[in-house]
Amino acid sequence: MKAELDGLTAEGRARIAQRLKVAREHGDIRENAEYDAAKNEQGLMEARIRTLNAMLRDPEIVEAPPEADAIGPGMLVTIRPTDEDEPDDETYLLASHAEEKAPGARTITVTSPLGRALLGAAVDQEVVYQAPGGSFRYRVVGFGPRAG
């Protein structure tokens, strides 16, 4: 998050300032779509900067319990697709926030369709969730706390 914040405050702001400068050179800014687009992007970027600053200033530390019978937030979860001929195991960090990361694992949030299906599941349990691409089935291979 710190690297993203640094990038937005340095390169991001400079890039937007350059876009605004070029757009202003096209004349009347009241009817300038390029200027409007740059201002909108600037607003979104500044909102993201405020969000990152708040998260870094007041972090919410979520630690998974060292021993658990069911999957919960903060855990690394390994699952296997049950509807593939030669399935590969997939490892995910079940996170409360999309910004949480773990090496070697993709992040899913507890509010995502797969995340909701995994919450409370146990090893060898089959989970099913609905997504825009259809219905997906997985078997829980294992889970545990995220390595510190």
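**Nonpolar cores**

The largest nonpolar core holds 15 residues, and those with the most contacts inside it are Ile-71, Val-77, Ile-79, Leu-114, Leu-118 and Val-140. A nonpolar core is a set of buried Ala, Val, Leu, Ile, Met, Phe, Trp, Tyr and Cys residues joined through side-chain atoms within 4.5 Å; buried means under 20% relative accessible area (1.4 Å probe, protein chains only). Two or more residues each come from strands E1 (75-81), E2 (90-95), E4 (126-131) and E5 (134-145) and from helix H3 (113-118), with E1 giving the most, three residues. Helices (H or I, at least four residues) and strands (E, at least two) are DSSP runs, numbered from the N terminus.

A second, separate core of ten residues includes Ala-23, Tyr-35, Ile-49 and Leu-52.

**Helix H2**

Helix H2 has 25 residues (33-57), which at 1.5 Å a residue should span 36 Å; the end C-alpha atoms are 36 Å apart, in agreement. The expected span is 1.5 Å times one less than the number of residues.

Asn-32 caps the N-terminal end of H2, with a side-chain oxygen 3.1 Å from the backbone nitrogen of Glu-34. Within H2, Tyr-35, Ala-38, Met-45, Ile-49 and Leu-52 are buried, and the buried residues of H2 pack against helix H1 (2-24), contact meaning heavy atoms within 4.5 Å.

**Ser-112**

Ser-112 lies in the loop between strand E3 (106-109) and H3. Ser-112 counts as buried because its relative accessibility is 17%.

**Basis of the values**

Residues are numbered from 1 along each chain as its sequence is written. In this predicted model, local features need pLDDT of at least 70, side-chain atom pairs count only at pLDDT 80 or more, and totals for chains, interfaces and linings use all residues, while side-chain values use heavy atoms, leaving out hydrogens and water.

How values were computed: Buried means under 20% relative accessible area, exposed over 50%, partly exposed in between (1.4 Å probe, protein chains only). A polar contact is a pair of N or O atoms within 3.5 Å; within protein, one must be able to donate a hydrogen and the other to accept it, and residues adjacent in sequence count only if both atoms are side-chain atoms.
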